[in-house]
Amino acid sequence: MSISASLAPRPLGPAMVRGLRGLCPNCGEGRLFGRFLKPVMACAACGENLEGQRSDDLPPYVTIMIVGHLIVPAVLAVEMSANPWSLWVNFAVWLPLTLVMTLAMMQPVKGAIIAMQWALRLHGFDPKGDIHDAPMKTGPLRTAATTAVKDHAS
């Protein structure tokens with residue numbers, strides 16, 4: 001890939017829609033996931049390198065926030081109604097609904113976050129390299145990190 005091709009504009013909106021659908025953020029044809037939450041290393045259709053993604057903990061946080069904002073008002077509406085449900089009905093309805101919604105939303109949310117990282121050239125998608133991969137030169141953090149590594153090794 002040439003430098004000019006790697007610096008071509010990457011529209012955020014279309015990339016995130018493709019990611020939500022589980023497709024390559026670049027071409028929208030290849031699959032983004034090989035397994036449920038395991039992204040592929042490269043797009044099978046266009047060859048875009050996708051191994052630089054670092055979605056880590058953000059997709060679960062976003063999913064929990066979305067599901068929580070949908071479930072909690074519904075639970076409160078039922079509990080504040082004139083005929084609140086019994087405890088066993090609450091468990092029978094809200095726990096499975098929360099689980100199903102969370103599992104259904106996890107992959108699309110993760111796909112959108114990977115696509116956002118790709119479009120904004122964050123982390124491993126930056127052609128100039130990832131700032132987090134650069135070693136610390138000096139300072140108290142470097143000293144503390146070096147000391148911790150030495151202590152752990154011994």
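This is a dialogue on reading several features of a predicted model.

Trainee: What confidence does the chain average, and which helix has the lowest mean pLDDT?

Mentor: The model is predicted, and the chain averages a pLDDT of 85, with 79% of the residues scoring at least 70. Among the elements, helix 1 (residues 3–6) has the lowest mean pLDDT, 52. The highest mean, 97, belongs to helix 2 (residues 12–20).

Trainee: How many helices and strands does the chain have?

Mentor: There are five helices and zero strands. Read from the N terminus, the order of elements is α-α-α-α-α. As for burial, 27% of the 154 residues count as buried.

Trainee: How are two packed helices described?

Mentor: The description uses the angle between the axes and the distance between the axes. Here, helix 3 (residues 58–79) packs with helix 4 (residues 87–119) at an angle of about 150°, and their axes are 8 Å apart.

Trainee: Are helix 3 and helix 4 roughly parallel or roughly antiparallel to each other?

Mentor: An angle over 145 degrees counts as roughly antiparallel, so helix 3 and helix 4 are roughly antiparallel to each other. Their crossing is right-handed. The contact of helix 3 with helix 4, sorted by class, has 18 nonpolar, four polar and two charged residues.

Trainee: How is a pair of aromatic rings described?

Mentor: Two values are given: the distance of the centres and the angle of the planes. This structure holds one aromatic pair. Trp85 and Trp94 form that pair, at 5.5 Å centre to centre with 20° between the planes.

Trainee: Why does the pair of Trp85 and Trp94 count as stacked?

Mentor: Planes under 30 degrees apart count as stacked, and the planes of Trp85 and Trp94 are at 20°.

Trainee: Which of these are buried or partly exposed, Trp85 and Trp94?

Mentor: Trp85 is partly exposed, with a relative accessible area of 34%. Trp94 is buried, at 11%. The cut-off for buried is under 20% relative accessible area.

Trainee: Where is Asp56, and is Asp56 buried or exposed?

Mentor: Asp56 lies in the loop between helix 2 and helix 3. With a relative accessible area of 61%, Asp56 is exposed.

Trainee: Where is Arg121, and is Arg121 buried or exposed?

Mentor: Arg121 is placed in the loop between helix 4 and helix 5 (140–153). Its relative accessibility is 18%, and Arg121 therefore counts as buried.

Trainee: What separates the C-alpha atoms of Arg10 and Trp118?

Mentor: The separation is 8.0 Å, for residues that are 108 residues apart along the chain. Arg10 sits in the loop between helix 1 and helix 2. At 15% relative accessibility, Arg10 is counted as buried.

Notes
Residues are numbered from 1 along each chain as its sequence is written. This is a predicted model: local features need pLDDT of at least 70, side-chain atom pairs count only at pLDDT 80 or more; totals for chains, interfaces and linings use all residues. Side-chain values use heavy atoms; hydrogens and water are left out. pLDDT is the predictor's confidence in each residue, from 0 to 100. Helices (H or I, at least four residues) and strands (E, at least two) are DSSP runs, numbered from the N terminus. Rings of Phe, Tyr and Trp (its six-membered ring) pair if their centres lie within 6.5 Å; planes under 30 degrees apart count as stacked, over 60 as edge-to-face and the rest as tilted. Buried means under 20% relative accessible area, exposed over 50%, partly exposed in between (1.4 Å probe, protein chains only). Axes are lines fitted to C-alpha atoms, for helices over the stretch in contact, and angles run from 0 to 180 degrees between N-to-C directions. Angles under 35 degrees count as roughly parallel, over 145 as roughly antiparallel, 65 to 115 as roughly perpendicular and the rest as oblique. A crossing is left-handed if the near helix is turned anticlockwise from the far one by less than a right angle, and right-handed if clockwise. Ala, Val, Leu, Ile, Met, Phe, Trp, Tyr, Cys and Pro count as nonpolar, Asp, Glu, Lys and Arg as charged, and the others, Gly among them, as polar.
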